[in-house]
Amino acid sequence: MNRFKDAEHLLRVAGVFLIGVTAFLLFRAWFVPPSFGQYGHYRADSMKDVAALPVVHAGHEVCESCHSDVLDVKKAGKHAGVNCEACHGPQGKHAEDPGSVKPVLPDTSVLCARCHEANSAKPKGFPAVVTAEHSMGMPCNTCHKPHSPKIVDDDAAKGGKK
Amino acid sequence: MALPLNNFTYPNETELQWSILIVLYPFITGLVAGAFILASLERVFRVEAVKPTYRLALLTALAFLLVAPLPLQLHLGHPERSLEMYLTPHKSSAMAMFGFVYLWYLMAVLVLEIWLDYRRDIVLLARSSKGFLKLIYKVLTLGSDNISEGSLRVDDRVGYIVTVIGIPSAFLLHGYVGFIFGSIKANPWWSSPLMPVVFIFSAMVSGIAAVMLLYMALTKIRGEKISMPCVDTVAKYLFYIFIIDFSLEMLDLIHRIYEADESFRSLDFMVHTSLWIPHVIIQILLGTLVPIGILGATQLLPITEFARKRLYVLAGCLTLVGIFAMRWNVVIGGQLFSKSLLGYTTYELHFGSREGLGTAIFLTLLPLGILYVLARLLPPWQHHESAT
Amino acid sequence: MNMNRRFFISLTGAAAVAWESLLAGSPEESPNYKVADHWWAMLIDVEKCIGCGNCVRACAAENNVPEGFYRTWIERYQVDDENMTEPIVDSPNGGINGFPQRAAGTGLTTGTIKEFFVPKMCNHCIDSPCTQVCPVGATFTTPDGVTLVDEKYCLGCRYCVQACPYGCRFIHPEKHVAQKCTLCYHRITKGLTTACCEACPTAARQLADLKNPKDPIHEFMRTHSVQVLKPQMATGAKAFYAHLDGSVR
């Protein structure tokens, strides 16, 4: 009995630890989010959170559903593979409410150079010009129609250099 | 050696991710581990000479361990979510698992050992003190009033076992911190199996040096005589462990230079430029070679007690600076170069920001304040009357 | 043009779903979407990239990316054929405004010089080191192969940023949580493509679904040499690069 009495304080320590562990487990059961662990070590609901974020670009199929006339022109030209929002910027809001949200027409003197300004790092064969020499400051749509940029009318091309 | 013409870092790499607070954190946990190892020298390995430092080492370890989470909390983007590490720890994450190693070491090793060693004094103080202090001591007794010879023998036995478990636990504590860095394959400055080992040995060096300095300073302040056999023995262990630590760091360096893998050119340039002063001058020269030289001299040459004491203080201070520099060079150094291995960035250390120099200084001094309170509450100076 | 809802039911499935989602205001996952049916990847053809920066701009707009941080970016390489291990690389603002022609006398001036653009993004690794180190499970790979961040759970400890070999993660300066490319999960689960692919004028970037037997990536990978970035890291990266030069970091 004496032995037990002399070790009794250790039991008190063990008791404190036990209380601590129990409190922790209870807290854990209450706190951990419900969907945690459903697919793996994460909160599965966060996948839904990300999936629910607002869509900003409408996507070319949505644009083409209304603007099929532009699509017909574009399909036949060099810009067939260029999607609408690549030049016009994100138009999700316009697609949602076409009447009240009007897209701003991009300025071709800035827009076109982004792709077509000559740069030694661009792939060989990609159509590029030194705009200062080619258009001498004139906006590109003076001669080129952006949806089908190949110039067919020779008059419009006068004065421009290739 | 030809160097990159341009400086290129990945666009997201402009600011450093981990600040001086993350330098401080391994430094603090290193002091804890090192102080504990010094305490275990007496308890387990029966090195009688260092007995005067035993209780001080334990209290020092506790004071620093209590402060250790603070730099982490201040660094987190969402400190209010930090409990998630205990509630949903990701078992593959060294950082998460470390939370439990920390908790284990704090509660099942350090606090338990201190309690067992001090229990007799706590009970006596509970009986003799008054008012609020009496309440504190009573709570600390956990309600047990038994300080018979038998119970103290039990304490001694269990304390011995706790210390024996505590030694690998201390290695685990700081080795894990090393592993947190050493397991990151994306960072060639960190990724190394040597990292946990280097961290452990540099931790021991810093902890032993810190306790040695504290012992000498506090004994002087109290007007008592410094036990020369004690500090001579502590300095001897410091010397030996320092040699091992230095060898490990040199091994890492030589291995890097010899293998010269794809990261070598970029890292070599960094060490020769932005890390020249912190790494070569402060860490290696002033923080390692000079203290080793001083300690070696005190071991090999006949030097008076007067001079030895001052040399120990000098060596101890340089050691602490050197080990802090080592943490700096690992943490900050590991972020100064780009993962593209083609460029570098700079670390802007401000004084007043949340993760600034002011905070770092405060967090370094805070444990000393806590140690003061602990030493008042649980005086380490009475003779350790074990029931042997 | 007077369009009504009935008209749109007759549209292609994806457009219809997208349109419905847009009208709904706060869109939810398409009811037809099953995670088990998809295994997402990205195909990037370096030879087609013209460095226009459309992808960087589109991503920033789509995902509200804070200025100075990048969920995707473009790097320009200049490589000397005698020294592949030291390319000259630049990425002015991640390439968000394209790349100015290098001024005469800067960069490499001698040697046989090769130049090209490389788009970079999160590689949505199968054995991703970033998810491995996250202490709480705030970043993870979904069953359909997209690595995401749970912004409500992330502590902002920055361990994942350290662990990513590709530099594609960052900490949001105001939200203080980790952020990165989500492969436009909010779009691809509705049958849309990612913003960067939508905006790319040369189809240098193409979203791929490896579980879809009709996806063009299967034929492409059969007929081309394809690489991943930093293969020695064994991250199981799923951003596949065609025509990737050995000098690329």
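Modeller: A crossing is called left-handed if the near helix is turned anticlockwise from the far one by less than a right angle, and right-handed if clockwise. In that sense, helix 1 of chain B passes helix 2 of chain B in a left-handed crossing; helices are DSSP runs of H or I with at least four residues, numbered from the N terminus. The model is predicted: local features need pLDDT of at least 70 and side-chain atom pairs pLDDT 80 or more, whereas totals for chains, interfaces and linings use all residues. Residues are numbered from 1 along each chain as its sequence is written, and chains are lettered from A and ligands numbered from 1 in the order written.

Helix 1 (residues 20–43) and helix 2 (residues 54–67) of chain B pack at an angle of about 160°, their axes 8 Å apart; axes are lines fitted to C-alpha atoms over the stretch in contact, with angles from 0 to 180 degrees between N-to-C directions. Helix 1 of chain B is therefore roughly antiparallel to helix 2 of chain B, the term for angles over 145 degrees.

Residues are in contact if their C-beta atoms, placed from the backbone, lie within 7 Å. From helix 1 of chain B, Leu31(B), Ala35(B) and Leu38(B) are among those that meet helix 2 of chain B, whose partners include Ala57(B), Ala61(B) and Phe64(B). By class, this contact of helix 1 with helix 2 of chain B has 14 nonpolar, one polar and two charged residues. Here Ala, Val, Leu, Ile, Met, Phe, Trp, Tyr, Cys and Pro count as nonpolar, Asp, Glu, Lys and Arg as charged, and the others, Gly among them, as polar.

Note on methods
Helix = DSSP H or I, 4+ residues; strand = E, 2+ residues; numbered from the N terminus. Parallel < 35°, antiparallel > 145°, perpendicular 65-115°, else oblique. Contact = placed C-beta atoms within 7 Å.
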